Amino acid sequence: MRTLTRTPEFRQEPDKAVEQTLPLFPERASSVAGGVDAFFLMLVIVAVFFSVLIGVAIFYLSFKYRRRPGNQLGDLVPGSQVLEITWMVIPFMIAMVLFAWGAKLYVTMRQSPSDALEIYVVGKQWMWKIQHADGRREFNELHVPVNRDVQLTMISEDVIHDFFVPAFRVKMDVLPGRYTTLWFRATKTGRYHLFCSQYCGTNHSLMGGWVIVMEPSEYQAWLAGGSNGESPEAAGQRLFTQLACAACHGEGPGPGPRAPSLAGLYRSTVKLSDGRTVAADDAYLRESILDPGAKIVAGYDNIMPTFQGTVSEDQLVQLFAYIKSMGSQPAQGGSGETGRTAPAARAEPAAPVQ
Amino acid sequence: MERSGALFGHFRDLDQQKQTASLGMWVFLMTEVMFFGGLFLAYTIYRWKYHDAFGAASRELDVSLGAINTGVLILSSFTMALGVWASEMRKRKLLCIFLIATMVLGGVFLTVKGFEYAQKFEHHLVPGPNFVFPGPESQHAEIFFALYFLMTGMHAVHMIIGEGLLLVLLIYAWKGSFTGGYNAPIENGGLYWHFVDIVWIFLFPLLYLIDLHH
Amino acid sequence: MSTTNANPPPATSPPQMPRENYLNANYGIRSWLFTTDHKRIGLLYLFSVTFYFALGGFFALLIRLQLLTPQGWLVGPDTYNRLFTMHGVIMIFFFLIPSIPSVLGNFLIPLMIGAKDLAFPKLNLLSWYIFNIGAAFALYSIVTGGIDTGWTFYTPYSSIYSNSQVSAAVIGIFITGFSSILTGLNFIVTVHTMRAPGMTWWRLPIFVWSHYATSIIMILGTPVLAITLLMVAAERLLHLGVFDPRLGGDPLLFQHLFWFYSHPAVYIMILPAMGVTTEIVATFARKNLYGYKAVAIASLGIAVIGFLVWGHHMFVAGTSIYAAMIFSLLSYLVAIPSAVKVFNWTATLYRGSVSWQTPMLYALGFIGLFVIGGMTGLFLASMGADVHVHDTYFVIAHFHYIMVGGAVMGYLGGLHYWWPKITGRMYPEMLSRAAAIILFVGFNLTFFPQFVLGYLGMPRRYATYPPEFQVLNVFSTAGASILGLGYLLPIIYFIWSMRYGPVAGPNPWPATGLEWQTSSPPPTENFETTPIVTWEPYDFEHRPDLGLPKPERAKRKPLEAPGLELGE
């Protein structure tokens, strides 16, 4: 029998959020938590109602019609089509109300607002690597400002993981080979559990940490405070040079010798050789680097080599940071599979778009 | 429960027995549709996702060998159907000839398939550490070949089982078991063989004929 | 239903064991291992599934012991991951899926429809051997280190990263799947072609309807699991990498294929238990089932709609919002036929003669716990609430309410109800009632706290957890020990009853089904002459042969109402 020799730090400290008088639900620390709890309460009421209804009916009928000397045989009771239909229709209507309520809640939870603060998350067995846009990296902890929309763009280096913050009521699987996104707006400062909630191997139960919500000023201070070496843009630029991307893409605003320019590319719309137009979001950038033949820009040849196996997920994030620093289009709502909202008005220098 | 002639003891009469056996074979074939269905679904998703890579990989397959095999298998279904007819006509020797013909044609199919597989080995098109495919989308092509081997391999397994089934039927047919009025096993064996044929009819175009003329 | 040999008049002397029955028709191990008698095969399955239930239960015990402390005091994470995986794999594939169909279904369906055996007796025996061969592979994978992928085998963990005995285990499940397919095939064909004269579709007992619906799921769903697991094994053993993300493989493809079977699989587990419950409620209320046609059609409805909801396991897996909406809507729809059944069972008690003997305790317990489990399913079907509780203990509580509170209670209720038919003997009533109550209490204490744990945020498959979750975990483990005790009792008194239990006679309850029209235990060929059926199902009213005195009630509402369809 082997026991753990070391209890991870985050296990030793209980989440104060749960130490309440009636610990039936975690602390509500996000903009959707109240809505989720209200919906949950509705579901509880419906569940209790029907459970009690059936329970009471069974006890009552069993007692009233109990077997005794004068009652050794039941009556042949004819059915009623009206009753059958009634007790199909009423549950159906309740079900549809619950469905619609839940669907509405879910759509809100899946569609990141535009101009959310973007943070990249890379999950791997058995830790979380978090990259803030401006440079700070952290492990197993996520610092965010309170009352600010935050969007996490996440990917796994190996197996499927899941990013779960009970206090925010949000959760999303983190997949290998594909970005998924999760957004939230924290409404209370504090420390909240972060759990991996998709089984991922030996230390699945240890793959977690804390989400730390801070006042905006504290968050800015925290961001500035830790310089873990070079910013992701600088790292991305270094990679760009190392991998000789400029040989085809060039370095200036105009098209490169053999490949489209990357200035102003991020979030623009790109016309492809097969006639389609696609948005140059994170998924597009990632695919272009790892599987360049999948989408060819109109007017160019399929000559870009693949960098699969050469760049890691972290390095991809750094390259994106560098590409973004070359100019990007205004946000059109969250990347990935989210819906579209009106683009935020932003004063940005006009950048050439392919 | 005892058996009297062809009739098993738990049935009322031969009619019920024949109905039961037939329904049983049809239900079983439905399960086989679902079984292959999973593979066809995987193929469909990846063909949609990696359209060009699948096309390029498909062009590595030998269409003429595939076409020969298609013809062989269709012919074998024909000989099988003739065998069923022969059993209804109570012609024992003819039934045996057609069963043997079906088995031989099935054997031809498997031999050609074996030859194709050997070719794949030589050309480094078997997924795994030795897989080599020119071009930028070699990983997606590797998925194509994984599906190729899974689908044709599963089909070949069913053909081999079919050959075994035909052998058993042949032995009983030689003894005259199916030319005395009750031929349900031949009919149901025929159903199975036709099903295996139909699976190939789907496999051939999906694997060999996509993007033939790029 | 009348037969050509009428039921003997109520005995004045205690019933006797029939001189020749299927149990003593021949002796020796070979007469059992090579039998084609569906009744003996049912008992062979009883032996096998009981063994696997005990094994799966043993793993459950270790899991609950481990979770007594937050740091996990009993085993390390690698071992724990194997414990919960093996618990799930064994309980689902080697206990729950076969249990009622292979034990009770095999035994009873030919009797209930008036046939001498199933359509394919030899295939029936083959399916038992296939079950055990597959189980042997699973046992091999356990003793050589176990598997640690979770019973859901998500890729790429299972196909690439896990170092455990995945291939052996999935091959074992693949093989055992064919046992399920053959059983389903046998049942479907049997019900179509082997019914006795007069046994029309609308006279079939609901137990048969339920198994017919179950069999549809078995034959259409299981092959998809089979090919999916085969693909995982092929990726591990032959490098045929269909799921490998490094080649462009899609991790969601596995999930879609897996859940396409595994969701309908849960209906395989619950529908037979619903059939059992229906039989018991009608018998122990001594009246007709309310809404017979509605219940029969609802069984089919559950099977059909059950194939359309698998995506509700994937609301946070990275699927599109639109897909999630469709699956959520359909998941709510599938609750409706289950609700219809619950209402009809409850209504059956109205104007009945209700007795709370042990089988009825299990049936009523089933209804109560199934309602709770089913209602919590609504939480999971809703996209908005599911995000929070997905992959937490809320899900674990939900499915244990249905599978243990539902399916296992149904199985035990069925064993008790038909024990006299199977063995000719009665079990001790007081002890069996005590066991049922112990099980009910232990079960709720074990699993209700897990709903709370889940909403608080405790994820599933955790070997260690934050300390604030400990109190609820301790409650749950305490309940589990009571539950374990409850399961031991029936094993003991059932074995005891086979030698010392009072002789039951052909129809001890009494009940209306055809199976009660033959001796207990039945002869090998089931009926001395082929029955001819003229009675409607559960028609206690027109069965003087059951020897039940008419009630002393003055008023009687008119009994026949014309033009009713769904109701009767």
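The contact between chain C and chain A takes 95 residues from chain C and 87 residues from chain A, two residues being in contact if their C-beta atoms, placed from the backbone, lie within 7 Å. The model is predicted: local features need pLDDT of at least 70 and side-chain atom pairs count only at pLDDT 80 or more, while totals for chains, interfaces and linings use all residues. Residues are numbered from 1 along each chain as its sequence is written, and chains are lettered from A and ligands numbered from 1 in the order in which they are written.

On the side of chain C that touches chain A, the elements giving two or more residues include helix 3 (77–96), helix 9 (251–285) and helix 15 (429–456) of chain C. Helices (H or I, at least four residues) and strands (E, at least two) are DSSP runs, numbered from the N terminus. Helix 11 of chain C provides the largest share of this side, 13 residues. By class, the side of chain C that touches chain A has 58 nonpolar, 24 polar and 13 charged residues; Ala, Val, Leu, Ile, Met, Phe, Trp, Tyr, Cys and Pro count as nonpolar, Asp, Glu, Lys and Arg as charged, and the others, Gly among them, as polar.

In chain A, five strands form an open sheet of mixed pairing, in the order 4-10-9-6-7. Two strands pair if DSSP finds at least two bridges between them. Strand 4 (141–145) and strand 7 (170–174) of chain A are the edge strands, each pairing on one side only. Strand 9 (residues 190–196) and strand 10 (residues 208–214) of chain A pair in the antiparallel sense over six bridges, and A:Arg191 stands opposite A:Ile212 in strand 10 of chain A.
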